[in-house]
Amino acid sequence: QIYHVLENAPVSRIKTLRYQVPRFHTVGDSHSKNGWPGQVAQHYVGSKLCWNIDHVDLQALDKPSVQEGDALCFCFGEIDCRAHVHKHVKSEARAYQQVIDDIISRYFTYLRREVPLLPP
């Protein structure tokens, strides 16, 4: 893409054009900040469950902010899987498949709502 931009850009634009390498961001619980290489932009948002991911505001992430072309890796769900699915199965007499389906439904509803608000 950068070559196409340069090919059709006036000289004045080429001098001010700054090519930005896309950045990889992690967003989430402790798994978003541990074990990633230093060049990964890590956005720890606390001990959040996948169930309550809708409390995360992607527009308010710490620097570096998400820019056009960047990739995001959401790190949520470990606590849900380890502790909360079983708790809801026992306390609410629900099938584990239904509990998991509810968690995933909330998660994807959030992604569909929030991700379009980020730069294209």
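**View 1. The side chain of Trp36 reaches the backbone oxygen of His31 at 2.8 Å.** In this predicted model, Trp36 has its place in the loop between strand E1 (24-28) and strand E2 (41-44). With a relative accessible area of 29%, Trp36 is partly exposed, because this value falls between the limits of 20% for buried and 50% for exposed residues. Once residues up to four places away in sequence are set aside, Trp36 touches Phe24, Thr26, His31, Gln42, Cys73 and Cys75. The C-alpha atom of Trp36 is separated by 10.0 Å from that of His25, and the two residues are 11 places apart along the chain.

**View 2. His25 is a buried residue of the model, and it lies in strand E1.** The relative accessible area of His25 is 0%, so the residue counts as buried under the limit of 20%. Neighbours within four places in sequence left aside, the contacts of His25 include Ala41 and His43, and also Pro64, Ser65 and Val66. Further along the chain, His25 is in contact with Asp70, Ala71, Leu72 and Cys73 as well. Ala41 is also the bridge partner of His25 in E2.

**View 3. Three strands form an open sheet in the order E2-E1-E3, and their pairing is parallel.** Strand E2 and strand E3 (71-75) stand at the edges, each with a single partner strand, so that one side of each is left without a neighbour in the sheet. Neighbouring strands of this sheet are turned against each other by 20° on average, if direction is ignored. On one side of the pairing, E1 is joined to E2 by 4 bridges, and these two strands run parallel. E1 is also joined to E3, in this case by 5 bridges, and here too the strands run parallel. Among the bridges to E3 is the one in which Gly28 has Cys75 as its partner.

**View 4. Strand E2 has a covered face and an uncovered one.** In a regular strand, side chains alternate between the two faces of the sheet. Ala41 and His43 make up the covered face of E2, whereas Gln42 and Tyr44 make up the uncovered one.

**View 5. The whole chain comes to 4 helices and 3 strands.** Read along the sequence, these elements follow the pattern α-α-β-β-β-α-α. Of the 120 residues of the chain, 28% count as buried. Where contacts join residues at least 6 apart in sequence, 55% of them link residues at least 24 apart. The chain exposes about 8,300 Å², of which carbon and sulfur atoms supply 54%.

View 6. Over the chain, pLDDT averages 83, and 82% of the residues score at least 70.

Note on methods. Residues are numbered from 1 along each chain as its sequence is written. This is a predicted model: local features need pLDDT of at least 70, side-chain atom pairs count only at pLDDT 80 or more; totals for chains, interfaces and linings use all residues. Side-chain values use heavy atoms; hydrogens and water are left out. pLDDT is the predictor's confidence in each residue, from 0 to 100. Buried means under 20% relative accessible area, exposed over 50%, partly exposed in between (1.4 Å probe, protein chains only). Contact means heavy atoms within 4.5 Å. A polar contact is a pair of N or O atoms within 3.5 Å; within protein, one must be able to donate a hydrogen and the other to accept it, and residues adjacent in sequence count only if both atoms are side-chain atoms. Two strands pair if DSSP finds at least two bridges between them. Axes are lines fitted to C-alpha atoms, for helices over the stretch in contact, and angles run from 0 to 180 degrees between N-to-C directions. Accessible areas come from the Shrake-Rupley method with a 1.4 Å probe; for residues, only the protein chains shown count as cover.
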